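Subject: Structure for you to look over

Hello,

Here is the structure we talked about, with the sequence alongside. My notes follow below it.

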Amino acid sequence: MLREIGASSIDDLFAIIPQEYRLTRDLAIPRQMGESEIVDHFKAAAAQNANGYASFLGAGVYRHYRPVLIDAIVQRGEFLTSYTPYQAEITQGTLQAIFEFQTMICELTGMDIANASMYDGSTAAPEAAMMAMRVTGRDGVVVARTVHPEYREVMHTYAQHREVATGHKAREVGYGPEGTNYAGRIDLAALEQAVTEHTACVLVQSPNFFGVIEDIPAIAEIAHRKGALLVVAVAEAVSLGIVRPPVEADIVTMEAQSFGVAPSFGGPFCGVIAAKEKYVRQMPGRLVGQTTDKQGRRGFVLTLSTREQHIRREKATSNICTNQALVALMATVFMTVYGKEGIRELAQQNLAKAAYAAKTIGANGTLLFGQSPRFSEFVLQTEEAPEQLHARLLQEKIIGGVALERWYPELGNATLWCATELTTREQIDQAATVMAQAPAVAAVR
Amino acid sequence: MAEAEKFAGTTRKVTAHLTQNEGLSFEKSAPGKKAYRLAPLDVPEVDPSTLLGSSFRSLNAQLPELSEIEIIRHFTRLSTWNYAIDLGMYPLGSCTMKYNPRVNEFVSRLEGIAEAHPYQPEELSQGSLGIIRLLQKCLLEITGMEAITLQPAAGAHGEFTGILLARAYHQAKGNPRRTVIIPDSAHGTNPATAAMCGYEVVNFRSNPKGGIDVEALAQAVSEETAALMLTNPSTIGVFENEIHRIADILHAKGALLYMDGANMNALCGKTRPGDFGVDVMHLNLHKTFSTPHGGGGPGSGPVACKKMLEPFLPVPVVEEGADGQLHLNYDRPQSVGRVRAFYGNFGMFVRALAYILANGPDGLRQTTEDAVLNANYIRKKLEDVYELPYNTPSMHEVVFSDRKQTKNGVKTGDIAKRLIDYGFHPYTVSFPLIVPGAMMIEPTESESREELDLFVDAMRQIAREVEENPQVVLDAPHSTRVSRLDETTAARKPVLRWRRP
């Protein structure tokens, strides 16, 4: 081939790189490995992670059963190794699957339209807030403190330069204390105060970070009265099987990890933005639409791309270029497998397991926000410090709930627990037993 | 023979075959069909309407109801309508559609890796943290940079992070500065990113060779320039050989050199951005490091930088403690904050690291050499039939234009569609914008000479068709399930979801 090109050596092809910047040594990285060595390398890494533990972790990443059909389908090379479907004639498979995904997300959330997916739930929320800014022409964002703390951090990162420019900082609104009507949910009176004629949107999560379901109609009413939009983030997608969809919202963002996607140490996941139809032209990300070919046959294409960066450049709705197509496909297969009845049955099992866990494990401390409706997570306050509690549980191969002090110092020794359909009664009972053995001295911090 | 070549379906690479028809899953749905069975509930039943009160969902979402075999047929049929790297050459310029090794998929699914929860205790996450640590070390060595974050979820997200770092750096010196300079050959994500970070975009015209006009740049850079976003090799596949002068011009005014690493597949093991003056850059693990594109994601866009930008990296960062254990450090007061929850697209890190281990130093170098060799081979074999707008040496991709074909009314988009009939995915159409009628071809190292020859054959046959029978090209593709789709109506009257008739 070199001869055909007219080059005498491979280095001729790199002659344009100035000599002083050419790398003349080997890169100092591990030597080339055989396939069996690669597998061994990662098996050793896997063995250094948690194996064989019962886990009560949730907090934005949920452990659900993943039907084997999902992997059988996404491992098909035609899905796995295809690019963004710009050439519609030879990517109808991906396009139709995304169209089905968009439809199912609309069905679940009660919105009119949904995009082809975003990076994840934590980035979908700030993208939705920026979308609300474009729709309303306002710059303020009011965020509930019950939104996932890491989502709020991402929100701040996205918004900071706009804040500098406009002077409208994202405002956080706290939650009602124990014993009130709004225990563990956004404080409606404070919200009322926070929303002004500069507010582009109110952002809440439901079920929120504490697992509590927010009063969406009441929040929507407050937001809309001042002309602000309501953005509702859903981090636990399975909840939509049994929890009333946030139909009063203007934009719904989702993390679809619960739909058949492995926890995988935090990613890749699948964010979504769904909205009322009238906001479609301000929507970020890719959209698939139905159309026809020259013979009148139905087909699907990427559409409304004039919103996007490759056309609009600096005037685009977002710089987002990829979506999470393969992960969206996993979610699509998951939703198809469970279907209309299954998604409800699954959600109901999660509800039952969490109710049992809250009762059983909750007996070893104070269950916070217990009067508010919740889905699959609950907050437990213990006398024992979370580090000690965790250490004792780990000895029995149990990973307890996430300690909340880092984000909510006012809650003291609080932990956030999650049970799903995969959590067994035996695991719940055993965790409760270990917790009941708390040494009295451990109670003193 | 010459007669047959003009006709669709007689190429050496493909033969037409049947594909199954398949409606939407919703259209196939029938009440009561099921493909799931839950384990029996081992805790007391609950009454959801009592527990949830007014938050109870009374109406089911109208998801489809299908049996298991219907579902697997549904998606398998859809899959057969796709083109993929696993089927053949996918020469999309700038997208680096290389082979996605299956061992990467296998190791990413190992239980201890796939089931790892991001909040499980650090002592039970040493395997995951070790993967992050080793990948970081390898990427730093490959790029010649000094610090890195793996948190960004994709290339554009990496750009966003990189420009935030630049902004924080300038801010720490008292002035975030006002503008970001972007060549007109850049990806659209570059200007969109700069705008998202609060910068005014200064569009910079390429010189007649498609590169940076160094003298004009010296005029354009000022104390208000935060950074230049440069793709190197450029989007026309040319290495910017005055790169160090460019860096010097920027640095003299305190501005930074941002490198869009989309084309890193041309550099790995041969030269390092950190050595030629780059201050901050992103990588695309889904391009250079073989993680699958999956029909448009997930990607992963690590950002590497020089030491002076390290304090501003997103939180958390992985650090090795005195105890030899790896830890997540959140205590970074100068950090730009988080750009994403958790630690990034970890599953992609696993795959990228597997790729690096499979290659080693010699393999990565050879990969780059083969990618460049393949692009130059295609260039040589096609330069007599397609116009080469820039005569500068090509690296890993070659950009032709449709100038010779437009006199017969055929444009780059038509030739691309005709390539489909010959069994290839089209090249990148109409990009970069500085080349009218661009045809951007990136074969990658994955293709054998046999596959390249088939591609060359197809491109040459199409060039002949343009001369002899342009209509066959204008009407292409002829062999697909659907012909060209009406995009205008799709955008004018958007139908973005199925509705029950």
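**A three-stranded sheet in chain B**

In chain B, S10(B) is joined to strand S12 (residues 438-441) by 4 bridges, and the two run antiparallel. Within this pair, Ser401(B) stands opposite Ala438(B) of S12(B). The pair belongs to an open sheet of 3 strands in the order S10-S12-S11 (chain B), with antiparallel pairing. Its edges are strand S10 (398-401) and strand S11 (428-429) of chain B, each of which pairs on one side only. Please keep in mind throughout that this is a predicted model.

**Other places in chain B**

Strand S8 (residues 317-320) and strand S9 (residues 326-329) of chain B also run antiparallel, joined by 4 bridges. Glu320(B) has Leu326(B) in S9(B) as its bridge partner. The hairpin of S8(B) and S9(B) has 5 residues between the strands, and in it Gly324(B) takes a positive phi near 80°.

Helix H9 (residues 189-196) of chain B is mostly covered, with 8 of its 8 residues buried.

Val14(B) is in the loop between helix H1 (2-5) and helix H2 (25-28) of chain B. Is Val14(B) buried or partly exposed? Val14(B) counts as partly exposed because it has 19 C-beta neighbours inside 10 Å, while a buried residue needs 20 or more. Leaving aside residues up to four places away in sequence, Val14(B) touches Tyr422(B) and Gly423(B). Val14(B) and Gly423(B) are 409 residues apart along the chain, yet their C-alpha atoms are separated by 5.5 Å.

**Chain A as a whole**

Chain A has 13 helices and 15 strands. Its C-alpha trace spans about 85 × 55 × 50 Å along the principal axes. Of the 445 residues in chain A, 62% are buried. Among contacts in chain A between residues at least 6 apart in sequence, 72% join residues at least 24 apart.

**The seven-stranded sheet in chain A**

An open sheet of 7 strands in chain A has the order S2-S8-S7-S6-S5-S3-S4, and its pairing is mixed. Strand S2 (113-114) and strand S4 (171-173) of chain A are the edge strands, each pairing on one side only. Strand S3 (residues 140-144) of chain A runs parallel to S4(A), and 3 bridges join them. Val143(A) stands opposite Glu172(A) in S4(A). Helix H6 (residues 121-136) of chain A packs on this sheet, touching S3, strand S5 (199-205), strand S6 (229-234), strand S7 (251-255) and strand S8 (271-275) of chain A. The direction of H6 of chain A makes about 165° with that of S7(A).

**Two domains in chain A**

The domain assignment divides chain A into domain 1 (54-66 + 339-443) and domain 2 (68-334). The C-alpha centres of domain 1 and domain 2 of chain A lie 27 Å apart. Between them, 26 residues of domain 1 of chain A are in contact with 26 residues of domain 2 of chain A. On the domain 1 side, H11 and strand S12 (377-381) of chain A are the elements that give two or more residues. H11(A) supplies the largest share of that side, with 7 residues. By class, the domain 1 side has 14 nonpolar, 7 polar and 5 charged residues.

**The contact between chains A and B**

How many residues does each chain give to the contact? Chain A gives 157 residues and chain B gives 158 residues. On the chain A side, helix H11 (residues 325-362) of chain A gives the most, with 24 residues. The residues of the chain A side that touches chain B divide into 79 nonpolar, 50 polar and 28 charged.

Regards

Notes
Residues numbered from 1 in each chain as written. Chains lettered and ligands numbered in written order. Predicted model: local features only at pLDDT ≥ 70, side-chain atom pairs only at ≥ 80, totals over all residues. Contact = placed C-beta atoms within 7 Å. Nonpolar A, V, L, I, M, F, W, Y, C, P; charged D, E, K, R; others polar. Domains from an automatic or database assignment. Buried ≥ 20, exposed ≤ 12 C-beta atoms within 10 Å, placed from the backbone. Pairing = 2+ DSSP bridges. Axes fitted to C-alpha atoms, helices over the stretch in contact; angles between N-to-C directions.
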